[in-house]
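I opened my notebook to look up how two chains meet in this model. My entries follow.

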Protein chains: 2
Amino acid sequence: MNSTLLSNYDQLMKREKQAIILDSANSILHWDMETKMPPRGITLRSLQLAQLTQILHQTATDPKVGRLLRAVRENTDYTSLDNIQKRNVHLVKRRYDEATILPEELVVETARQEAVTTDIWKKAKAVRNFSLFKPELEKIVKLKIRAAELLKDVKGVPTPYDALIDIFEPGVTSAIISDLFSDLRQSLITILKRCLHSCQAIDMTPLHRKVPIEAQRNISNAIADFLGYDVNSKNAGGRIDETEHPFTTGYYDDVRITTHYYEDNFSSSVFSVLHETGHALYDQGLNPQWQYQSIGASCSLGIHESQSRFVENIIGRSPEFWTYFLPKIRELTGPTFLDLNVPDFLRTVNVVRPSKIRIEADEVTYCLHVIIRFELEKELIAGRLEVSDLPKAWNQKYKEYLGVEIENDSEGVMQDTHWASGLIGYFPTYALGNIYSGQFLATMEKAVPDWRSQVYKGDFKQVKQWIIENVYCQGNLYDPRDLVQTISGQEASIHPYINYLDQKYRELYP
Amino acid sequence: MNSTLLSNYDQLMKREKQAIILDSANSILHWDMETKMPPRGITLRSLQLAQLTQILHQTATDPKVGRLLRAVRENTDYTSLDNIQKRNVHLVKRRYDEATILPEELVVETARQEAVTTDIWKKAKAVRNFSLFKPELEKIVKLKIRAAELLKDVKGVPTPYDALIDIFEPGVTSAIISDLFSDLRQSLITILKRCLHSCQAIDMTPLHRKVPIEAQRNISNAIADFLGYDVNSKNAGGRIDETEHPFTTGYYDDVRITTHYYEDNFSSSVFSVLHETGHALYDQGLNPQWQYQSIGASCSLGIHESQSRFVENIIGRSPEFWTYFLPKIRELTGPTFLDLNVPDFLRTVNVVRPSKIRIEADEVTYCLHVIIRFELEKELIAGRLEVSDLPKAWNQKYKEYLGVEIENDSEGVMQDTHWASGLIGYFPTYALGNIYSGQFLATMEKAVPDWRSQVYKGDFKQVKQWIIENVYCQGNLYDPRDLVQTISGQEASIHPYINYLDQKYRELYP
């Protein structure tokens, strides 16, 4: 390798390292804003975040990065870089292209409009009035189409909507997703229909017995213990805090999750802690040799979601986990759950019931909610669906796929914040995550055939080790489709996930 | 005012605003490191802080700032700026001069050596071995002398040590301090001698009754309530957290204090919360019109300390406060303090006993500890005292001023971290703060003559309002000596403080 190439590559990586460190500082300020900041601090915090974002944007779009990228890629010795170096260059280029292709006025206007639309969305949702929301959502869609058209060219993807998806799930197109989702929809509806009758009789009231917040905090710690998410030791690399909406943030040795505690709904925190810890383990388990490099990051939103859903559902709603964990919960809650047995409890936490709200959906119906959003946003960005026709289209699909009647737009098209805050192309990653999780499970089962009996005994170590080696440690070395191929030996496919669901729900509701 | 002047001034202020915002973000990261960060996060955090510090340093030393400063100050219309604008320019220039006069190699080497010396200090203190510490402290002193000589010229102060003091207490020289401190020392020793006999008999055991941490947290909240330091409401601008060493950080609407709780020493947290809240109220109470400007800051370390000591001692160790507050503590601690009466309790929290450790010292002896440090560091920087002779000189002065025998250097010259971490010129501000607090008290008493009866009733509002208007709202409009003159109508003087102590301790121990 010639020294010019190496020197340019090193300069590029040095800048990347600075950006990564600054971005991680930014995350801490966000976390603090959500968890600890005194309420009056919000104006100052907005200015702090805006300033850091501006510095990060300047770093990302610095013409020097463009020059360095060209110098590296056009160097005659470029092919002498190893795969890791080439991937780093590719990732820096992708981000540089994404950051520089959009004119500044569009970026500024979009940020402004996203804030406005989110604000109006909250108000419109509160008063159940879509017509309030409509004109502001229209502006978002328009801005996103403009951005998508510019991004389409630089990314070389078939359609503008593909360019938006590519930001979150690189290399995955709407055509690929359409194929996956149309099969997935049919299979899920089949399983749903089969479960519906048996699930009607399930008594859900045990989930609403009062559990004091302090006991719920102890339950969260017990879950963290089981998963090996260290939040208490002198060498802890994690935290659990409380916010209205649970989230995970962090980088390598400082990763933090949040949850919410409702006295009369303890399972809400149980599954949110399982879910968020799934995310957290991924961020903590990235390849330590790649810290501060572009490849030292998660692969995509879909892969990230595969990890949270794996822990939340495949592990956290399994008979083996609850056989081990229900006694723990009994220990921590005194007499509250002494009458409960594992089979009954398992049915309550796996009840399948079509609902109107995505974030309350069970494992079988969840992806149907996501598929509806994908189908609608695809049409919106293609210009084949008007924002004004969105509620009608939404309600029809809910009727058709889930059999539920949407009575007002606040429980319908206005339930999620994503579109209001400019996240179009993001929803599909939720269902892709579930699909991937099924493929990873099928592969893991071959390597750790007795994983169920291990979990049954409260031992998650070998499963975790498998995920660390096969998923976490791959960082951002591959685009998600290639990662799935590398790990499972096959293309993205719904079959392992459907097999998993089919078998699980046959056993639960014979 | 001509438009070039205005435009240059505005550019200067815009940069200043950005620096202030970034600096406040930096403070949050520091706070998080001390209070919430998972232990493993320390390496990443060091990188984040280093990077922000580097950006802040680049901003502060940007040659554009120098050009803008010259353009503003040499503009023929400069005198048309109002006092606030001129003060802003002065403050920016002061910081620019301080930041640019030192060569980068000196700054880098000093930062490195401070880290090394602090590390060695911890180890040497643990094993009571000054000879371990000595060579590293010598390097610090050498580096500080080099910096002081450069700063002396740009600041136009008489001696290198004056230049170091000026960083923390602008406009105050070692000659001024020497005059104040030599009188202060005599007066304090006189009061000390008078108190010594009466204080011997005081029973200190009530302070060591067990108070559960949770009750101590409630006591802290009650103190915050009394002082109007809002940490709980929806509009709160403050927090109280826990760290080994209490501190205050923040800016305007986001100010945070920390304390420590020892089950068998509840008064430790009581007085640290009073002290830190004194600092916090100052930071919260700065003139809101000046936020994000240089003048929207505290005046000096000495003035800051005057506010913490005012709240901790003048208010927080007064008979009126404890008449009001002891019943509150009884409410929050069940039967623990039912047998205690206010006069007895007051004597325990105002006991005067010479000690070896500054941070444990009472109101009468505290400044003697500080004076010793001032006298020694003055000689060190002047080159008239060698580091190797420091322990002997230290021990002699402790014997002479406080009548105590230092038995090892860990309870002597190695007790504080300041010198190890490069803080030379800082100690005097602790005693100056006490002196100023006496002057402010004397002035406040004229405006709010019945303040004692108000505090007696648990009402701190009018006292606080007086401080807000007379101290906090002046921000950094004046150097400390001018601020004291403006508020009290007289130069810095020890007499009001000595009068306060004299009267208080005559009444306590007649």
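Entry 1. I looked up helix α1 (residues 3-35) of chain A and α2(B), and they pack at an angle of about 100° with their axes 9 Å apart; axes are lines fitted to C-alpha atoms, for helices over the stretch in contact, with angles from 0 to 180 degrees between N-to-C directions. Because 65 to 115 degrees counts as roughly perpendicular, α1(A) is roughly perpendicular to α2(B). Helices here are DSSP runs of H or I with at least four residues, numbered from the N terminus.

Entry 2. I noted that this is a predicted model, in which local features need pLDDT of at least 70 and side-chain atom pairs count only at pLDDT 80 or more, while totals for chains, interfaces and linings use all residues. Residues are numbered from 1 along each chain, chains are lettered from A, and side-chain values use heavy atoms, without hydrogens and water.

Entry 3. I then turned to the whole interface, where the area buried between chain B and chain A is about 3,300 Å², with 59% from carbon and sulfur atoms; buried area is the accessible area (1.4 Å probe) lost on putting two parts together, summed over both. B:R40, B:L44 and B:Q51 supply 21% of what chain B buries against chain A, more than any other three residues.

Entry 4. I found six salt bridges across the interface of chain B and chain A, each a side-chain nitrogen of Lys or Arg within 4 Å of a carboxyl oxygen of Asp or Glu. B:D253 forms a salt bridge with A:R40, with the closest N and O atoms 3.2 Å apart.

Conventions: Helix = DSSP H or I, 4+ residues; strand = E, 2+ residues; numbered from the N terminus. Parallel < 35°, antiparallel > 145°, perpendicular 65-115°, else oblique.
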